[in-house]
Amino acid sequence: MANIVVVGVQWGDEGKGKVVDFLSERFDVVARYQGGNNAGHTVVVGEDKIVLHLIPSGVLRKGKVCVLGNGVVIDLGELIQEMDQLERLHVKFEDHFFISRRSHLVLPYHKLLDVAHEQRATKKIGTTGRGIGPAYVDKMARVGIRIGDLHQPALFRERLSQNLAEKRAQYPESRALASLEPDRLFHDHLKHYERVRTFLTDASLVLDRLMTEGKRVLFEGAQGTLLDVDLGTYPYVTSSSATAGGACTGTGVSPKRIDGVLGICKAYTTRVGEGPFPTELLDQVGDRIRERGAEFGATTGRPRRTGWFDAVGVRYAARVNGLDALALMKLDVLDGLETIQMCTGYRYRGELLTEFPGEADVLAECQPVYESLPGWKESTVGIVEEGRLPANCRAYLRHLEALAGVPLALISTGPRRDQTIVRSGALLKNWGLASDQQ
Ligand code: GDP
Ligand code: IMO
Ligand code: MG
């Protein structure tokens, strides 16, 4: 029996959606624990590509229980659109879908505040504009509105008016905020509430009961370690606890229930939005990786910044998440490169750093120290047996694994479920993810 956290180890978009979909076959429950519809998790099944923003990526597997934990912030309009999209695809999930009554709402004024804040700021974060930061600000300031509050319309109406008045006073220049009509907002949300009310529950209790019955839970992280509000490259982060620890606070599940942590990591690095990125490539190699890897945001469509694999960041992620294993994604994107670089340390003001610094301004001054490895000419797309990978590719994997200090459990050679190498090993067997034959 094993409950596993799946967590991004870089700056998001590592391929969590693919891995959660892939693994969820062997789990009973998939639970999101933080973030909101700033996330874009892509799942490719056959010819179909589905991007999920809120609903867990296990939803495409029949009968899997899907849970939105208390740590998630929910834009109800967006959630309902996602539900409609799944209905159009004939995906049935409504009788095994649960939403924590404690999760906070992202309201239209949060989105306007997100944009207004970015416009005002001299140092922009490059947010997704989905209102995520402002919704978490309200939660922490103890003025947020929780989804469960919608069952008391009068109270909801009062809080809405109060919050909106405060936001308007904060941003008098925002014409959009001034023209938001609280009545309309109120009525829209009561309508949304009718659509989702049957899914609302005490999700912590539901998860506890399921686990006690022996059901296995996969906790699906959004964003990534380096975007975590505490442990990421602050202030260039998102506003939630994306690291593995967030799985407990974001679902109301005890750390004692968690048996393993799987880190999701690209064979290179990407970042969307602003902030330091030591191994960033601003040349043709960077463009090539962007093109081959289709590195354009699944939520905003923005081109992603690209760069080499950074072992300093990954080792840091291994420590703060307690990674048991890594899933290495998008190996195929490196096919055809003459040489591949891997960052093993940083040079900072003449000093060699081997630990990830806690300050964004220090990281911004860090120059990567690289090791070069020969690339491979052959295509690795869709390879499912490790022995079939080109020799240089296998050497690269061995080196990456040694640098990261974490065993590779899965290696991904394409966006589809069947384009995955499952490594044999005791760990995966313990987790019930590999058979004895493998
Ligand atoms: P997430 O946010 O971590 O779920 O990742 P995204 O879905 O935002 O971005 C990952 C992208 O890479 C998606 O378009 C996936 O379909 C794609 N992808 C995942 N694994 C692989 C792989 O091994 N090779 C290739 N070429 N694409 C992949
Ligand atoms: P998934 O789950 C990549 C980035 C934004 C911005 C910063 C803050 O798909 O990996 P926010 O809107 O959250 O306040 O923006 O965080 N960001 C992501 N980058 N993948 C994501 O999610 C992200 N969610 C937020 O680009 O730099
Ligand atoms: Mg994404």
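**Close-up views of a cavity and a ligand site**

**View 1. The lining of the largest cavity.** Val 9, Gln 10, Trp 11, Leu 226, Thr 269, Asp 310, Gly 313 and Val 314 line the largest cavity (a set of points on a 1 Å grid over the protein atoms alone where a 1.4 Å probe fits but cannot get out; lining residues have an atom within 4 Å of a point). This is a predicted model, in which local features need pLDDT of at least 70, side-chain atom pairs count only at pLDDT 80 or more, and totals for chains, interfaces and linings use all residues. Residues are numbered from 1 along each chain as its sequence is written, chains are lettered from A and ligands numbered from 1 in the order in which they are written, and side-chain values use heavy atoms, without hydrogens and water. The space inside the largest cavity comes to about 40 Å³.

**View 2. Polar contacts of ligand 1.** These are pairs of N or O atoms within 3.5 Å. A polar backbone atom of Lys 16 is 2.7 Å from an oxygen atom of ligand 1. An oxygen atom of ligand 1 also lies 3.1 Å from a polar side-chain atom of Arg 304. For Asp 332, a polar side-chain atom is 2.8 Å from a nitrogen atom of the ligand 1 molecule. The protein buries 93% of the 590 Å² that ligand 1 exposes when taken alone (accessible areas by the Shrake-Rupley method with a 1.4 Å probe).

How values were computed:
Polar contact = N/O pair within 3.5 Å; in protein donor to acceptor, adjacent residues only side chain to side chain. 1 Å grid on protein atoms, 1.4 Å probe; cavity = no way out; pocket = protein on both sides within 12 Å on 5 of 7 lines; lining within 4 Å. Points joined across faces, edges and corners; volume = space filled by probe spheres on them.
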